Amino acid sequence: MRVTVSRKAHFNAAHRLYRKDWSMEKNQEVFGKCNNPNFHGHNYELIVSVTGEVDKETGYVIDTKILSDLIKEHIEEAFDHKNLNEDVPEFKDLNPTAEHIAYIIWNKLRVLIASDKELEITLYETPRNFVTYKGN
Ligand SMILES: Nc1nc2c(c(=O)[nH]1)N=C([C@H](O)[C@H](O)COP(=O)(O)OP(=O)(O)OP(=O)(O)O)CN2
């Protein structure tokens, strides 16, 4: 029996959407108010979902306490109350869009969760804007 187990988390972070190799005018045209050079913040809501076989002995796909600890240590510690452009090395040369943040989170967690389980990341940048990434 395959089941999906999900854990919610959140972090607050600042960012600016822009490309260093574009002019201010081009960045403004493409990214608008998200290109504010003084940055802006979001209350990101994160859902991490793990799908796999239910263990016959424990009844678990993954212990939610273990999943929660992994998210705290590897995602919240790295992103919470940070300026993503300036403080987080993964975004030094990668525009911190919701798509890219979800991709980075997936890659950070993928290596920590058993390879026979599927991993899916849903990231809400605002209550109405969210992305989903499950690899590939
Ligand atoms: N595909 C993407 N589009 C946009 C992203 C993104 O990461 N991926 N990011 C932004 C801005 O950073 C920001 O999220 C937009 O904020 P805002 O326009 O305020 O969004 P809201 O939905 O909260 O506001 P509305 O009032 O509903 O317009 C832009 N695009």
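1. Helix α2 (residues 64-79) packs against helix α4 (residues 98-110) at an angle of about 125 degrees, the two axes lying 10 Å apart. That angle makes α2 oblique to α4, since angles under 35 degrees count as roughly parallel, over 145 as roughly antiparallel, 65 to 115 as roughly perpendicular and the rest as oblique. Axes here are lines fitted to C-alpha atoms, for helices over the stretch in contact, and angles run from 0 to 180 degrees between N-to-C directions. Helices (H or I, at least four residues) and strands (E, at least two) are DSSP runs, numbered from the N terminus.

2. This is a predicted model, in which local features need pLDDT of at least 70 and side-chain atom pairs count only at pLDDT 80 or more, whereas totals for chains, interfaces and linings use all residues. Residues are numbered from 1 along each chain as its sequence is written.

3. Where α2 and α4 touch, Leu70, His74 and Ile75 of α2 meet Ile105, Lys108 and Leu109 of α4, contact meaning that C-beta atoms, placed from the backbone, lie within 7 Å.

4. An open sheet of 5 strands has the order β3-β1-β2-β4-β5 with mixed pairing, two strands being paired if DSSP finds at least two bridges between them. Its edge strands, β3 (82-83) and β5 (130-133), each pair on one side only. Strands β1 (residues 2-15) and β2 (residues 40-53) run antiparallel and are joined by 14 bridges; Ala14 has Gly41 in β2 as its bridge partner.

5. As for helices on the sheet, α2 lies across β1, β2 and β3 and runs at about 20 degrees to β1, while α4 lies across β2, β4 (118-124) and β5 and runs at about 145 degrees to β4.

Methods
Two residues are in contact if their C-beta atoms, placed from the backbone, lie within 7 Å.
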